[in-house]
Amino acid sequence: MNEQTHMLDIDNLHAKVEDKDILKGLSLSLRPGEVHAIMGPNGSGKSTLAHVLAGREGYTVTQGGVKFRGQDLLAMEPEERAAAGVFLGFQYPVEIPGVTNLYFLKAALNAQRKSRGEKELDAADFLAYVKQRVKQMQMDPKMLHRGVNEGFSGGEKKRNEILQMLVLQPSMMILDETDSGLDIDALKVVADGINAMRGPTTATLLVTHYQRLLDHVQPDRVHVLADGRIVKSGGPELARELEEKGYAWLQPQKAA
Amino acid sequence: MAATEQTTAPSPTSEVRDLVTRRVAQAYSAGFITDVESETIPIGLSEDVVRLISLRKNEPQWLLDWRLKAYRRWLKMDEPKWAHVNYEPIDYQSISYFSAPKSMKDRPKSLDEVDPKLLETYKKLGIPLREQEMLAGVVPQVAVDVVFDSVSVGTTFRKKLAEAGVIFCSISEAVHDHPEIVKKYLGSVVPFGDNYFAALNSAVFSDGSFVFIPKGVRCPMELSTYFRINERNTGQFERTLIVAEERSHVSYLEGCTAPQRDENQLHAAVVELVALDDAEIKYSTVQNWYPGDENGKGGIYNFVTKRGDCRGPRSKISWTQVETGSAITWKYPSCILRGDDSVGEFYSVALTHHRQQADTGTKMIHVGRNTRSTIVSKGIAAGHGQQSYRGLVRVLPSAHGARNHTQCDSLLIGDQCGAHTFPYTEIRNPTAILEHEATTSKIGDDQLFYCRSRGISEEDAVSMIVNGFCKQVFKELPMEFAVEAQKLLAVSLEGAVG
Amino acid sequence: MSSLEHYARAFERLPASARTDARRGALSRLLELGLPTTAHEDWKYTDLSSVHELAPDGGDIDGEAPARLDADADGVDALNAAFAGGGLQLDVPAGSHRAEIIVAGGNGHRRHHVRLGRGAQARLRLDVQPHAAFQTVVLDIELDAGAQLTMLRLQDAGADARHLTRVRARLGRDTTLDLSTVDLGGRLSRHDLVVDLAEPGAQVHLRGLFVASGDGHIDNHTRFDHRAPHGTSRETVRGLARDAARGVFNGKIVVHPGAQKTDSEQRVANLILSPKAEINAKPELEIYADDVKCAHGATFGQLDLTALFYLRSRGLPEADARALLTLAFAMEPLRAIPDADFRREAIGRVSAHLGASIEEMS
């Protein structure tokens, strides 16, 4: 495959956390327009992958590499990755007391625009822009004046992640367990948000433990991660198979 | 792709520390010196010096007598040692106790007659002194008294205030023009023997502001005083007195800066507030005295006694302070809640960086029935800064139904600084309800990473998190000063956290 | 200090065998330092002048006491070192578990020493003499790596008794000191607890209750020094003051440079039950490391108003409801005592102590 056509190219990635090897040779490529799902049992390395891609400290890459639109992603600072269009939806979104969501979104969007050499949005335009997306996520506009994730329920935090994604308009989305802790209505809203970002110039990597999000967001490819490697890849039907059979049947294949 | 050994990102904590050390010199923008000829009396302190100051200010005999009593008391007192600060002993004989620009000797009648060099100083500091400019502009009107070393240079908007019955002038003028009020209230909240630095101030105080709001008057604009130390080897001993009569209301602000000098300079101020029945005084401070350099050389010793007396029922005194400057801060703006249903508040942001040390907090003395107090203290320590909150809540047997809520949070940036909490509670009434909460934390790596992964630089993220941490206090400041305070904090943090 | 001349004279009345050089050295330290006064920050609320004339008569000092004095010893340490009789000298060998409750007690001034070897476990009860006119008790504890000491200090002394109790503990790596303290009586009762979390992973848990009654004065001073990483301290203290009594609580947590990952929490709640009673509380934090979790909270005068309403809505008169909730308030730290024997003993004594007063209150 030609690298130029790839949005994200993960090649033989090895990573460790505190001297413990977690990723042991993971390879994966996404083209623009694609949605891939990564599934796998707890401890298989799903969240490590998401954090390494976003540049979280404490994760050491020992082998392999990651290219984003042909650039060396791992050489970039977290904020540079964000400005380049990479977005991580956190499994556990962080609370920042006293900093309002509105201010946070504006600071983030303008920082990204500035680093791309674009003009910063003025306050009125920005507010209208954000409010429309708040409505889209069926959130109470009052949340904009509350602290970032401060006192939010688990479901509100996840919606807020998708709201940030809609506001920041990234091109490469990595959503880490975004479906966990959501009731069925919220799951639908979150899925709609993800689908709204689907297009010929964006790509999405869904990291999930369960099939249910994939009922609403149809993936092009499904990968199974076990013990730090992709052990099986397939179409959407693979997710349903995993839902029925669990992960245990994959173990012999891993051994092989 | 080649296999490479790399860490995805260096630890933010270490980066934060680098930022701390990188941007140092640029942090203090108020450190310039104004080149004016000053008349500075020789260094040293004696009864003769006290007499000289009084003579120089052409004071009545009663005030000289009061000063001398204070001086004699001071001689018998010991410098307090209980604060959590360390400094070389102060040589009180090496300080000059009075310094004034020569041009001020003939007492200019209006700001138009004031030496342009002095006016330039305030322009550089962004202090609006031209009434016309303010009247024309969109900025809110603020009346300003400016104190340069030991004298008040001038006060704006006096005419407009006089129409409302408000007196706003320097304390020196008030001694001459309103002696009966000064005599009645001076030392009635902070007696001259209250503490070591209050006694020293009472003996040698030079200038400061005087505010009197008569019955039923709501002061038509913000009042503010801007203190500037300029001359070398001098101390500043400001004395401020604010009296709010029944049902009156005033919001007052003070700001302070000093040049960047290698030696320490002493600022020992006394501020007294009196609120009669149903009166309200809101007192805000943005303190940015020169903090010394990153090795702790130079800087102001800020030893201040501030106390408000809620003398009448339903009166209210609210202190808000943003303390980013000074090498050493020793300051406990307090409220004596004497009147029934009176209210005391203290909101504080204090930042210590490099070698700065602050021991600051408040005292809430509940005397009257159903008195209420609120304390919100946010301490930030960076570099080798030491930060202490020291507070006292005392509920006397007479204070039936007293309430207090205290929130006291510390934020640590780097592992060489310290944050300390010393809250005293002395409760002698069974109906009192108090809550005290204190937390200590550092800026979370999680929070930093979250901000950075949204595209916000580390420096901006730290600044944003710190401002969020201080928000409860900033919202108590008048709008335009809240913006100023945020900027000041960001600048002070530039050396500190980015 | 001329007022301590009683002690100088009492010393000369000791049996010749007890007047060792070490004791004499301690006496001169005492005369030189004097006893702490209220001018001293740590003694701001507790006045010791009433013990100046309560020197021992000299007859009841038995045996050789360890008279070692640290450089930072104060007058109380010196007094104890000069006059203390021998106390418990316990050395639990590495790896051994002592099942029985070991008691440190005795009359007069006492000095005890307890050492637990590597991985050893023991249970200790520290008693004071309930009718002592004036007693000082010093207990030094050393815990070697992995040792666990569970301790109960229960002071239910008479209305005229005066005690100064000082417990100092040095905690080695991964040790646990679990301490429950209850103060119910005495004219003057002061308890100093100084815990040095000297090595990584040390833990201290303190549950405390004081009930000051009559014209009694109960003062608890605790100081936890976190000197190594990954230390944990937990402190839950409840204070009650009634009649004309006075309670004092001062809890200091010091996190020294390098003691990263310290996790410390201190909760102090107080109830004043009479217009003449008084409580002074000061929970202090001194922190010199950044990667720490430290919180403290102090409250005064808050019975759960919802619970109060609930009880009243079920027909309890307000006074009964308050008394019940007050008892529940006092019992809260005791219910969490992990050792069943200690828990039973503490709850039993406090119930007996407060039970009568609940009837009075209702």
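## How the chains meet

No contact joins chain A and chain C. Their closest C-alpha atoms lie 16 Å apart. Two residues are in contact if their C-beta atoms, placed from the backbone, lie within 7 Å. Two pairs of chains are in contact, and chains A and B share the most contacts.

This is a predicted model, in which local features need pLDDT of at least 70, side-chain atom pairs count only at pLDDT 80 or more, and totals for chains, interfaces and linings use all residues. Residues are numbered from 1 along each chain as its sequence is written, while chains are lettered from A and ligands numbered from 1 in the order in which they are written.

## Chain B against chain C

Here 29 residues of chain B are in contact with 30 residues of chain C. On chain B, strands S23 (418-427) and S24 (433-442) each supply at least two residues of the side that touches chain C. S23(B) gives the most, with 10 residues. Helices (H or I, at least four residues) and strands (E, at least two) are DSSP runs, numbered from the N terminus.

That side of chain B divides into 13 nonpolar, 10 polar and six charged residues. Ala, Val, Leu, Ile, Met, Phe, Trp, Tyr, Cys and Pro count as nonpolar; Asp, Glu, Lys and Arg count as charged; the others, Gly among them, count as polar.

S23(B) runs antiparallel to strand S15 (residues 278-287) of chain C, and six bridges join them. Strands pair if DSSP finds at least two bridges between them. B:Ala419 stands opposite C:Ile287 in S15(C).

## Chain C as a whole

Chain C has six helices and 16 strands. Its C-alpha atoms fill a box of roughly 70 × 45 × 40 Å, taken along the principal axes. For 362 residues, a compact globule would have a radius of gyration near 21 Å, and chain C agrees at 21 Å. That radius is taken over C-alpha atoms; the globule rule is 2.2 Å times the number of residues to the power 0.38.

Buried residues make up 49% of the 362 in chain C. A residue is buried if 20 or more other C-beta atoms, placed from the backbone, lie within 10 Å of its own, exposed if 12 or fewer, and partly exposed in between.

## Two loop residues

A:Asp227 is not a glycine, yet has a positive phi of about 50°. A:Asp227 is found in the loop between strands S11 (221-226) and S12 (229-234) of chain A. A:Asp227 counts as partly exposed because it has 16 C-beta neighbours inside 10 Å.

B:Arg247 has a positive phi of about 60°, though not a glycine. B:Arg247 lies in the loop between strands S9 (239-244) and S10 (249-257) of chain B. With 19 C-beta neighbours inside 10 Å, B:Arg247 counts as partly exposed.
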